[in-house]
Amino acid sequence: MKTSSFPQGGPGGAVALEVSSPPLLALVGSANSGKTTLFNALTGSHYSTVNYPGATVEYTLGASRHLPDFSCRVMDTPGLTSLVPSSPDEKVTVDALFKEAFQPDVVLVVADANQLSRHLYLFRQLQQMGFPLVLVVTMEDLLRRKGQRVDETRLSELLDCPVISLDPRKSDHLRDLSRALQNVYSAARDGERPSKVQYERFASDLDEAHIATLFQTLDQVEHLALRPLSTEGSQKAAASGRLRSSTSLLSAGADGILLHPIWGLLIFLASMCAIFTAIFLDGDAADERN
Ligand SMILES: Nc1nc2c(ncn2[C@@H]2O[C@H](COP(=O)(O)OP(=O)(O)O)[C@@H](O)[C@H]2O)c(=O)[nH]1
Ligand SMILES: [Mg+2]
């Protein structure tokens, strides 16, 4: 519990109260990634719609009723693709993430499995800023129809963050989610939250080369974390898996190299080449066995 002046408003408005309140969990992610569906699953649809302080942009706030191990306030936010806002509404949401009385204790990033690398961009920016994070991957049912699945363990290793794949239209996996949130919250509760000054420095340091290299790295993360459903596919994935590093692809050490405009691109191309060679050699060996 902490004391905050976060709006506790009921329908119709924000009322600032100095009260002891449970931790705040913010759901963020691109539009149509499943945030509101997950919000409804977590809160049982008991919520109020309130305005961001000083703005007409709305967000929704409710109490978690279906997270058995983590009692919190849950905040649904408008769609966001990057910490560098592209509309006035996005700017209000981004600004709120850095307002002291408003800052979430844990950020739950919601990403669509079918657009993983694109949706991981916001995740990575939030991670670079130092927010305590849990990643929920939605829409895996649609990915499976295309013959692929999400390897949660692998994705979690690559991102160095808890990852839960779930369909928010069902109530499965909420206990796993709840435990992950509680662990992340406990580990981070006494830590510093990212400040507006840090954010401004981060935003001004972003340049096109850095962004392009980050997208290449995230494409590689997606490639390594999505697995084929078929047995034959699994053998090929296992072959390519032998080439993989066992540490986080986005860990501090790897980041400097992988995000370097020249070395990052060369490493990306070399690893793609090695993976495809392994797949073809494996295929040839299988042909010879048959
Ligand atoms: N097939 C499928 N549909 C989903 C899943 N999660 C959410 N949806 C649907 O995706 C649509 C967009 O979800 P919504 O929660 O409004 O997304 P938001 O814009 O991020 O708040 C809705 O029709 C949901 O029912 C999922 O895991 N699988
Ligand atoms: Mg929504």
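The points below are grouped by topic, after two notes on source and numbering.

This is a predicted model, in which local features need pLDDT of at least 70, side-chain atom pairs count only at pLDDT 80 or more, and totals for chains, interfaces and linings use all residues. Residues are numbered from 1 along each chain as its sequence is written, while chains are lettered from A and ligands numbered from 1 in the order in which they are written.

**Shell around ligand 1**
- Ligand 1 is surrounded by 16 residues, the closest being Gly 34, Lys 35, Thr 36, Thr 37 and Asp 167; a residue counts as near if its C-beta atom, placed from the backbone, lies within 6 Å.
- At least two residues of the shell come from each of α1 (35–43) and α4 (140–145), and α1 gives the most, with three.
- Helices are DSSP runs of H or I, at least four residues, and strands are runs of E, at least two, numbered from the N terminus.
- By class the shell has four nonpolar, eight polar and four charged residues; Ala, Val, Leu, Ile, Met, Phe, Trp, Tyr, Cys and Pro count as nonpolar, Asp, Glu, Lys and Arg as charged, and the others, Gly among them, as polar.

**Helix α1**
- Lys 35, Leu 38, Phe 39, Ala 41, Leu 42 and Thr 43 are the buried residues of α1 (buried: 20 or more other C-beta atoms within 10 Å; exposed: 12 or fewer; partly exposed: in between; C-beta atoms placed from the backbone).
- Their cover includes β3 (24–28), β4 (47–51) and β8, among other strands.

**Helix α5 and its packing on α8**
- Leu 155, Glu 157, Leu 158 and Leu 159 are buried in α5 (152–159).
- Asp 160 follows α5 and has a positive phi, near 55°.
- The axes of α5 and α8 are 9 Å apart, at an angle of about 155°.
- Helix α5 is therefore roughly antiparallel to α8, a term for angles over 145 degrees.
- In α5, Arg 154, Leu 155, Leu 158 and Leu 159 meet Val 221, Leu 224 and Ala 225 of α8; contact requires C-beta atoms, placed from the backbone, within 7 Å.
- This contact has six nonpolar, no polar and one charged residues.

**Tyr 121**
- Tyr 121 lies in α3 (116–129) and is partly exposed because 18 other C-beta atoms lie within 10 Å.
- Beyond neighbours within four places in sequence, Tyr 121 contacts Thr 81, Ser 82, Leu 214, Phe 215 and Leu 218.
- Gly 29 is 92 residues from Tyr 121 in sequence and 9.8 Å away, C-alpha to C-alpha.

Note on methods. Contact = placed C-beta atoms within 7 Å. Axes fitted to C-alpha atoms, helices over the stretch in contact; angles between N-to-C directions. Parallel < 35°, antiparallel > 145°, perpendicular 65-115°, else oblique.
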